Amino acid sequence: MTSFIDYLIGGVSNGAVIALMAIALVLIWRATRVVNFAQVGQAMFTTFVALTVQTVTGSWVLALAVAMVAGAILGVIVQFLVLRPMRRADTSGAIIATFGVLIALQAAVGMIWGGDAQAYPQPFDNAGIVAFGRIWPISVYDLVVIGVTILLVVALSLLFTRTSIGLAMRASAFNPEVARLSGVRVSRVLTFGWALAGVVGAVAGVLVAPSSTVSPTTFDILLVFAFTAAVIGGLDSLVGAVALGVFAGLVISLVSGLSNSGNAPVVALILLALSLITKPDGVFGHHKARAV
Amino acid sequence: MRYVLPLTDPVLATRSICVTLSGLRILDDVSIGIPEGTVTGLIGPNGAGKTTVFNVISGFVKPDSGEIRVDGRKLKHIHPHRLTELGIARTLQGVGLFPSLTALENVMLGGSSRVKSGIIAQALAMPWTDTEQADLRERALAIMTELGVESDAGRMPGELPYPIQKRVALARALVSDPKILLLDEPAGGISAGDMADLARLIMSWVPKRTVLLVEHHMELVMEVCDLIWVLDAGKVISAGTPEVVRQDPAVLAAYLGQEGAA
Amino acid sequence: MTSLLRFPGGRLVGHAAFVIIIWFLIMRLNDSVDPLANYYIALVAMYATAMFGMVILVGLSGQVSLGNGALMAVGGYVFAVTSLHWQTVPILGVPWNGWWSMAFAAVGGIVVGLLIGGIAARLRGPYLAGLTLGLAVGVPAIANRFPELLGGESGLMITVPYPDGGYAPVEEEVFVDGTVEGQSGDASSVAVPSAEATVSPDDMLTLDNFPAADASAAAPSVDASVSPDDMLTLDNFPAADASAAAPSVDASSGDLGATDLSGAGDLIDAGFIIERWQAGLAITVACIAAFIALNLVRGRQGRVWRAVRDDSIAAAVSGISPAKAKVSAFAVSSLFAALAGAVFAQILSYVGPGAFGLGLSLSLLVGVVLGGRSSLLGAVIGGLLLVWLPEFVLSLAERGGWEDQITNNAPNLIYGLLVVLVVLLAPGGIVGSVQLLISKVTRRAPKGV
């Protein structure tokens, strides 16, 4: 029983990272109706940028900041590449383009930083916190991860509810035509959404990196988990992405802890398939009647 | 064609259909009947629910309550793709042709319910699949000739003028040799001259086929319809011959109300 | 020509004749080249088989799938497990041979394809892509769940083909002979591990110490040793590594003949070149797949798939069941994937989670997009590209003295950029662009793709 609870607690920081990556997917889906499968490639790239900065300067905060800027820039570039097939209403093409970007980014990472798995220096204490007479399965580092995630989620919700750009983003996602008529510069707003998603993904990458090694393809599995969380959450719902992201983290932590970490992808696949069978539009999504 | 209201044995009928979509009542207790061998019109101002009636009949929208009857038999679980097997074909608003297939291929696909051979026979290119397709091709060409579009058989829809595209779409609906034809705004976007042709065409199908027509162009409706049902805000507000409907104050009010609002 | 095909049976005869001529020509070519070229031919044919399915699934029915590598795994594993465990065919009781395993791989592919297709038919674009992404990552992981049956992370070595070049075991005792193992271990290009070898942990050959991989002089297998999942290009494939060092493979086949003549390898027939046999198998399977694909694509079914992709509502109104059409596309494509997987298993003489990872699925997508999403010819061209480009890059790298880090990743970088460019500028891929060019020159509108 203790171990069960331990795994649950340990899963929270895992879940926080998955939630962030899921948020990045949801942000872009809401803006452009594309699932950006290149998101983990972008995150991997920015994480290696962060690794370089941290190795040179030794500052974790600076590394995170640089990664966020790089993430925003990459996001804008990728949007530019995906928009054109979208305008042609070639949805298959848009999806394929994101995979093309993913392949290219992973190769670029391999070219610049090598294909080997590298350790990302642990910026905080990663040992279980000792309190109340026992060692808890959560470290200072886990708390930082959870804290940054909460901060980011709060910042995003404030952005969406309290600022004009947030309102413009919601309007553009909901009805681009109406938004355009009411003076919103929709294309700029969409680009901002892609940049924002790039930032969120970059944070997720830097946060998750110290808990494993980093190599060009380390994040592939994160993509599957984040996509699963985003889809079960309904792809349109930030709340759903956060809730299901954390939930996915807990499940993965439990499965990995109680059986074998190699089972996690299978569990993600089962979760994904089940959710898509029972509710193809997600738990938090609204089913829209198709126009005939 | 003669009919007497209330209809005794309509070939197609809806009984007390109610549809609610995202909290909005789109259809409210709609009961209409289409007498066999007539051209029946379904009209009403924008948003009255005409196309929704089509969508309920063709299985795209599931009604909250009510039923559809064909030849007096109640239909359970309507699948859109099984409709042609029941002898019902419909056209879509606009054109709805497959852009990557030629006009002829489009029309041939309309006869899908006649194709009996399965995917294994197709995969092995069994000779009878060729015979089947050759027959279908002949039928399709015959119908296209009837509609005057046979010369465009090999062209892609994107290369054809809009009225021709609509003709091809009509041919695709006809190739299954339907007993009942549901036409969703067949005159949308075509010229007055083409409209006169269309009227002649529609009238040439009855009484062999029964036609249900949703249309905005009142001249066409008044010219070809034997019976007209009028919907407003999801309710049937009037029914009868063109003359009766034209003089019904409720119909006038519904259309004027919309004009006033617009 | 087209009108001839319209007579009853015309397509059957026409397509069969076409495929048989192609088969004959490529088999002749296969017999006249060296084992390294045989190996390349085998890979191209294997990719083409899988990508015929991608053309049907992604191009014609419009369902972007990343799961076809996982479906290849189904075929590969069914082949490996049945060929390792069966002496006779269950129920029928007849003696087992490799064709039975191929048949079961095909059936397994169709069954799994129907299952996944049943879910996928309800899903729109990104949901489907995500589900199949989950498959690509999740299915190979299943092998880890059942280490005893499926060999876990290190995979299974398979015994087919038998050293005499056949699909059926010749003499029973031959395969329990301990000396055979030792011999075959030395002859790097011939995989003749006995059934025991796959069970014993010492002989259990992982990707990294796959015999052929050791033969590699260039050894650009840095990635492969880190994570087997990221094998997108052939460079990272163990066997491909070997082929990169062309002379070593040639030499080993030469050795083979020599050993045989000297009487040491009494199991190995002098005339038998395993690469040639593997290529012959791959070509034959690809031609069978091409025949089926041609019949479907150039017939009513092809129109049905395109109709559903173009406008599923209009398709339904025409009497086509969109769900059924999508499921059938999935089933056919996973049949082809499973056949390709079974062939791949025999080319590698090995199945393992690393060989069928996300990288394989992605490379299928790359190949089919570059070749031409909606064209069977595009699948063949895509297969050629997937095999040729890494070798081309390697030759450039050798000439330019590139670092391994650059060389290993250059093909993927090129693939990724090309995919983006093709989607942006020439959605029809190579074949589509050529068709467009021809139609512009002849001032005819392009035929629908």
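Helices and strands are DSSP runs, numbered from the N terminus; a helix has at least four residues and a strand at least two. In these terms, P207(B) lies in a loop of chain B, between α6 (192–205) and β9 (210–214). The peptide bond that joins V206(B) to P207(B) is cis, with omega at about 5°. The model described here is predicted.

Two further backbone features concern phi. Most residues other than glycine have a negative phi, and most peptide bonds are trans. S16(B) has a positive phi, near 50°, and is not a glycine. This serine is placed in strand β1 (residues 12–21) of chain B. S16(B) has 13 C-beta neighbours inside 10 Å and therefore counts as partly exposed. In chain C, S349(C) is also a residue other than glycine, and its phi is positive at about 55°. S349(C) sits in a loop of chain C, with α16 (322–348) on one side and β2 (350–351) on the other. Because S349(C) has 26 C-beta neighbours inside 10 Å, it counts as buried.

Chain B also contains an open sheet of 6 strands. The strand order is β7-β8-β9-β4-β10-β11, and the pairing is mixed. β7 (88–90) and β11 (235–240) of chain B stand at the edges. Each has a single partner strand, so one side of each is left without a neighbour in the sheet. Neighbouring strands of the sheet are turned against each other by 15° on average, direction ignored. Within the sheet, strand β8 (residues 180–184) of chain B runs parallel to β9(B), and 5 bridges join the two. In one of these pairings, L182(B) has L212(B) of β9(B) as its bridge partner. Helix α1 (residues 50–57) of chain B packs on this sheet. The helix touches β4 (39–43), β7, β8, β9 and β10 (227–232) of chain B. The direction of α1(B) makes about 145° with that of β8(B).

Chain A has 292 residues. Its secondary structure comes to 11 helices and 4 strands. The C-alpha trace of chain A spans about 60 × 45 × 35 Å along its principal axes. For 292 residues, a compact globule would have a radius of gyration near 19 Å; chain A has 19 Å, and therefore agrees with that value. Buried residues account for 54% of chain A. Of the contacts in chain A with a separation of 6 or more, 74% come from residues 24 or more positions apart.

One helix pair of chain A illustrates its packing. Helix α6 (residues 164–174) and helix α8 (residues 186–208) of chain A have axes that come within 9 Å and cross at roughly 105°. The two helices, α6(A) and α8(A), are therefore roughly perpendicular to each other. On the α6(A) side, the contact is made by I165(A), A168(A), M169(A) and S172(A). On the α8(A) side, V186(A), V189(A), L190(A), F192(A) and G193(A) take part. By class, the contact of α6(A) with α8(A) has 7 nonpolar residues, 2 polar residues and no charged residues.

Chain C has 449 residues. Its secondary structure consists of 20 helices and 2 strands. Buried residues make up 61% of chain C. Among contacts in chain C between residues at least 6 apart in sequence, 75% join residues at least 24 apart.

Chain C touches both of the chains described above. In its contact with chain A, 48 residues of chain C meet 47 residues of chain A. α5 (125–145), α10 (222–226), α17 (358–371) and α19 (404–425) of chain C each supply at least two residues of the side that touches chain A. α5(C) gives the most to this side, with 15 residues. The residues of chain C on this side divide into 31 nonpolar, 12 polar and 5 charged.

The contact of chain C with chain B takes 31 residues from chain C and 33 residues from chain B. Here α1 (10–32), α13 (274–297), α14 (300–310) and α15 (312–317) of chain C each supply at least two residues of the side that touches chain B. α14(C) gives the most to that side, with 6 residues. By class, the side of chain C that touches chain B has 13 nonpolar, 11 polar and 7 charged residues.

Conventions:
Residues numbered from 1 in each chain as written. Chains lettered and ligands numbered in written order. Predicted model: local features only at pLDDT ≥ 70, side-chain atom pairs only at ≥ 80, totals over all residues. Contact = placed C-beta atoms within 7 Å. Nonpolar A, V, L, I, M, F, W, Y, C, P; charged D, E, K, R; others polar. Axes fitted to C-alpha atoms, helices over the stretch in contact; angles between N-to-C directions. Parallel < 35°, antiparallel > 145°, perpendicular 65-115°, else oblique. Buried ≥ 20, exposed ≤ 12 C-beta atoms within 10 Å, placed from the backbone. Rg over C-alpha atoms; globule rule 2.2 N^0.38 Å. Pairing = 2+ DSSP bridges.
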